[in-house]
Amino acid sequence: MAFSAAVSSSPRILPPTAFASETTAKSKICSLPSLCPSLSLLHGQPRFRLSSVSQLGKRISPTIHVAASVTDISVSKSMDEDHLPKGDMWSVHKFGGTCVGTSQRIKNVADIIINEDSESKLVVVSAMSKVTDMMYDLIFKAQSRDDSYVSALDAVLEKHSLTAHDLLDGDELASFLSCLHNDVNNLKAMLHAIYIAGHATESFTDFVVGHGELWSAQMLSSVIRKNGIDCNWMDTREVLIVNPTGSNQVDPDFLESERRLEKWFSQNPSKTIIATGFIASTPQNIPTTLKRDGSDFSAAIMGSLFKARQVTIWTDVNGVYSADPRKVSEAVILRTLSYQEAWEMSYFGANVLHPRTIIPVMRHNIPIVIRNIFNLSDPGTTICHPLVTEDEDDQTLDSPVKGFATIDNLALVNVEGTGMAGVPGTASAIFGAVKDVGANVIMISQASSEHSVCFAVPEKEVNAVAEALRSRFRQALDAGRLSQVAVIRNCSILAAVGQKMASTPGVSATLFNALAKANINIRAIAQGCSEYNITVVVKREDCIKALRAVHSRFYLSRTTIAMGIIGPGLIGGTLLDQLRDQAAVLKEEFNIDLRVMGITGSRIMLLSEVGIDLSQWRELLKEKGEVANLEKLTQHVHGNHFIPNTVLVDCTADSHVASYYHDWLRKGIHVITPNKKANSGPLDQYLKLRALQRKSYTHYFYEATVGAGLPIVSTLRGLLETGDKILRIEGIFSGTLSYIFNSFIGSRSFSEVVAEAKEAGYTEPDPRDDLSGMDVARKVIILARDSGLKLELSDIPVQSLVPEPLKASASAEEFMRQLPLFDHDWAKERKEAEEAGEVLRYVGVVDAVNQKGNVQLRRYKKEHPFAQLSGSDNIIAFTTKRYEKQPLIVRGPGAGAQVTAGGIFSDILRLASYLGAPS
């Protein structure tokens, strides 16, 4: 095969002034074409012509022209061309940017490839972590005429050069570095042209950003060859041909791609191929990209072209969860998903593949396996056609709902009126108007009467949508044929997905019953005739509660637990109400029988032999209560031998009650509590308690001690159990103080805000209990000890917000009367912060590196995440070895009886899961 191509006479891209007339020459782009692909596409060397016209008063507009021609002068018949074998002998693997983010991780990937037992392997790699963003940033800076694009490109060069030096040596290193520098020099010329023009075309941008994949593929293939494995690497722009379509997507041309793959393989036969992800070419050989999730798409297309046995997507999670584990701590890994289930879950925001990634492999029934590169022992999630020969017993045991997903920040638009019924084209006109403003319709629901059409759009787009509809239907609205175009804001979508839902009666009823028991109001419903998906719209503030309710309904195991509730005050009473609403659901659908056998306050208690009727527990406590006796309650709840599991839920803040925990655990009684006193008390007692809990078969859950309903303790535990190392935990731990400082803005006085918080029930009866900072200090000491620090509460410096003269006030009322005297001092501190572009926040810090902690009022820049809070939200940032550059952040409501009780309820359900549910 001889190539005839027009190329520049040197490997660099000439400046625009050099192209007054077209210059061509025949030469090689690089002495090592197999290693320098960036200017070499299939069918010969491409011609890049930067055309520019520079006239006085006119803009310089360089455009990129990629052209190539091939002339089959003579196909060397004497050379044996290898035919491409296809089928189960091939396995395809895809490694994302995180997987090849460092030299060590590239070595790990090489080890996986070398040890994988397939006869032949094709590996698709992304650019190194953050490199694609860096390349896009180069384009942005150049077209913004920002000179820093030069230094930014140098940073890209340095990143890959250092990585190559870590990985390679000898000729492999020299060859790679030669081509790397050649590529960077070409990019500098291209970016300079963009800089002059102030504009970059899409084709130009795609060409530039695709270099990251070229470099990572070359380095990985060199590492594998270094280990003695025959390995070639593929610039997929020579093979993958795609046709651009609308909506920022492309469609693969399988026939042309297959033809080019056969030709490529005949010239580069190998049993191990490293291919670039994300990039491809148009039928005109113009470089392009596969857009969103492009590397996954590349792997799926390659799997289809090779008719591979399977496609494995390597990532940093164990697979696909039944729900977002950040919202539902009981979420489990789904071992299998059908293609349809994966489609549905990914559409509704689950961390699954993009739907288009699945299309190529479905053509040949090729399974996709999602695995964790950091946990090779986990088998991951397999996405495939459901097995026809599945065991009937397994089908009976499996939940008909595979997973749940949510989308937040939506608004409902409801167009209704009697004039819509039976009028053809109304729906077309509605969605045509929506299309004209570029809004994305997430869900559609229409009554069979045709009286109304309801649909969900992103909340940021709803104003434009509503205005467009009112304008489009102005005449119909004025005439009364349409009654209204209504907008309902602050909505979230909850979707239940499962292929077996179609053959399982009652799934919808179960879902709606679970939501009803959790007091969730459904605003809209949608279900396709395939029945793979049931979608409901709920209030945004109800979304997590709804998600947990339906997930618990379908996933928790059967077990019976005898419960004793200590402290039926605000928190305990709210918990009992939540248990009341959910008890029937748990019992009827999952045979989880949560029997509250006793309730005790400080003065009276109520005991029952069979379980208290929670629909009237307040009345029963008053009418049939007896003198409170904690030891008697313990004996009563634990003494029911026909109930094998016992849990005591301490909803008090009493250190005396906390002193019983050790004895309860020793007796085999599980303990759940929001009471901070045990874990923040004397260190020796805390260590003794945790040691007993670890040795026994009992569980001690205290999620609500730190973040109310937020998964803070479980997040910390998960990080530690998976081998991560805590460096620093910093957060706004008090919902009360978060509310106060979020509200302490403008001209409002500090005393006014504190009074408002007290009136709203955010503070303790005496606000000094909150303003003293001791509650935050206890949360800090709990997290510090769980992180492995052996600190006493007295070791934590605490900045009290209570003015010194008011600490001795005789009562809370006296304190509130005197507090306005100090408003001037607070106003001055707020003004100083505002002048510096900062806000005041009361934070707690666990400094694990220096083995210390502190609680203080600090100032943060307005763009800091801590400055973005609203209401009583908490926010906690975990800085660890894994999350060192970008902390792991947990944020959400941190105060209020509902969320705190919800956190306790979550611990109860977690206990039920541990006692009998499959993990």
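# Briefing: a predicted 919-residue chain

S281 counts as buried because its relative accessibility is 0%, where buried means under 20% relative accessible area, exposed over 50% and partly exposed in between (1.4 Å probe, protein chains only). This is a predicted model, in which local features need pLDDT of at least 70, side-chain atom pairs count only at pLDDT 80 or more, and totals for chains, interfaces and linings use all residues. Residues are numbered from 1 along each chain as its sequence is written, and side-chain values use heavy atoms, with hydrogens and water left out.

**The whole chain**

- The protein chain holds 32 helices and 34 strands; helices (H or I, at least four residues) and strands (E, at least two) are DSSP runs, numbered from the N terminus.
- Of its 919 residues, 55% count as buried.
- Among contacts with a separation of 6 or more, 72% join residues 24 or more positions apart; a contact means heavy atoms within 4.5 Å.

- S281 lies in strand β9 (residues 279-281).
- The side chain of S281 reaches the backbone oxygen of R237 at 2.8 Å.
- Strand β18 runs antiparallel to strand β19 (residues 452-458), and four bridges join them; two strands pair if DSSP finds at least two bridges between them.
- M443 has A456 of β19 as its bridge partner.

**Around helix α10**

- Helix α10 (residues 355-362) has R356, T357, I358, P360 and V361 buried.
- The elements that cover these buried residues include β7 (250-252), α7 (254-267), α8 (294-306), β11 (311-315), α9 (339-347) and β15 (368-372).
- S304 belongs to helix α8, and S304 is buried because its relative accessible area is 2%.
- Not counting residues up to four places away in sequence, S304 touches F254, P360, R363, H364 and I366.
- I368 is part of strand β15, and I368 is buried because its relative accessible area is 1%.
- Leaving aside neighbours within four places in sequence, I368 is in contact with V311, I313, L353, T357, I358, V361, T381, T382 and I383.
- The C-alpha atoms of I368 and S338 are separated by 10.0 Å, and these residues are 30 residues apart along the chain.

**Helix α17**

- G573 sits in helix α17 (residues 570-590), and G573 is buried because its relative accessible area is 2%.
- Residues up to four places away in sequence aside, G573 touches P568, W617 and R618.
- From C-alpha to C-alpha, G573 and Q898 are 10.0 Å apart in space, and they are 325 residues apart in sequence.

**Positive phi values**

- Most residues other than glycine have a negative phi.
- R145 has a positive phi, near 55 degrees, and is a residue other than glycine.
- The loop between α2 (131-143) and α3 (149-167) contains R145, and R145 counts as partly exposed because its relative accessibility is 47%.
- A708 has a phi near 55 degrees, again a positive value in a residue other than glycine.
- The loop between α24 (704-707) and α25 (713-721) contains A708, and A708 counts as buried because its relative accessibility is 5%.

**Cavities**

- Rolling a probe the size of a water molecule over the atoms shows where empty space is left.
- A cavity is a set of points, on a 1 Å grid over the protein atoms alone, where a 1.4 Å probe fits but cannot get out; lining residues have an atom within 4 Å of a point.
- Grid points are joined across faces, edges and corners, and a volume is the space filled by probe spheres set on the points.
- By this rule there are four cavities of 30 Å³ or more, and the largest cavity holds about 70 Å³ of space.
- The largest cavity is lined by R326, K327, V328, S329, R548, E703, G709, P711, S714, G903, S906 and R910.
- Helix α32 (residues 897-916) gives the largest share of this lining, three residues.
- The lining of the largest cavity divides into two nonpolar, five polar and five charged residues; Ala, Val, Leu, Ile, Met, Phe, Trp, Tyr, Cys and Pro count as nonpolar, Asp, Glu, Lys and Arg as charged, and the others, Gly among them, as polar.

Note on methods
On a 1 Å grid over the protein atoms alone, a cavity is a set of points where a 1.4 Å probe fits but cannot get out, and a pocket is an open set with protein on both sides within 12 Å along at least five of seven lines; lining residues have an atom within 4 Å of a point. A polar contact is a pair of N or O atoms within 3.5 Å; within protein, one must be able to donate a hydrogen and the other to accept it, and residues adjacent in sequence count only if both atoms are side-chain atoms.
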